[in-house]
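Thanks for coming. I have one structure to go through today, so please look at the screen.

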Amino acid sequence: MEEGAKTQGKFIGSVERYDYGWRASFRTLMPGAVFSQEGDAKVFGKEAEAVKWLHTQAGNLGFSSIDIRRKQA
């Protein structure tokens, strides 16, 4: 990917609260794709850490914007 080029598509992150911490996961949906692709998942002690990780993952994959959804487990 060229320097500064941004990925077209959607980065959809989820943050879920559990008794043991905050679980962050994401999926991507590319233009013309029928199904989204599952990404990685990780557990954090604080919600802010989970959200920061999602932003980092989106940036690493070249997405300029993301949608974060909060869920109750």
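Is Phe26 buried or exposed? Phe26 is buried, at a relative accessible area of 8%; buried means under 20% relative accessible area, exposed over 50%, and partly exposed in between, with a 1.4 Å probe and protein chains only.

Before going on, the housekeeping. This is a predicted model, where local features need pLDDT of at least 70, side-chain atom pairs count only at pLDDT 80 or more, and totals for chains, interfaces and linings use all residues. Residues are numbered from 1 along each chain as its sequence is written, and side-chain values use heavy atoms, with hydrogens and water left out.

Now the aromatics. The structure holds five aromatic pairs. Rings of Phe, Tyr and Trp (its six-membered ring) pair if their centres lie within 6.5 Å; planes under 30 degrees apart are stacked, over 60 edge-to-face, and the rest tilted. Phe11 and Phe26 have ring centres 4.7 Å apart and planes at 20°, so this pair is stacked. Phe11 sits in strand β1 and Phe26 in strand β2 (residues 21-29), so the pair ties together parts 15 residues apart in sequence. Strands are DSSP runs of E, at least two residues, numbered from the N terminus. Phe11 is buried as well, with a relative accessible area of 1%.

Phe44 and Trp53 make a tilted pair, 5.9 Å centre to centre with 45° between the planes. Both are buried. Phe11, Phe26, Phe44, Trp53 and Phe63 form one aromatic cluster.

Last, Ser14, in strand β1 (residues 10-18). Ser14 is buried, at 10% relative accessible area. Leaving out residues up to four places away in sequence, Ser14 touches Arg23, Ala24, Ser25, Leu54, Arg69 and Lys71, where contact means heavy atoms within 4.5 Å.

How values were computed. Helices (H or I, at least four residues) and strands (E, at least two) are DSSP runs, numbered from the N terminus.
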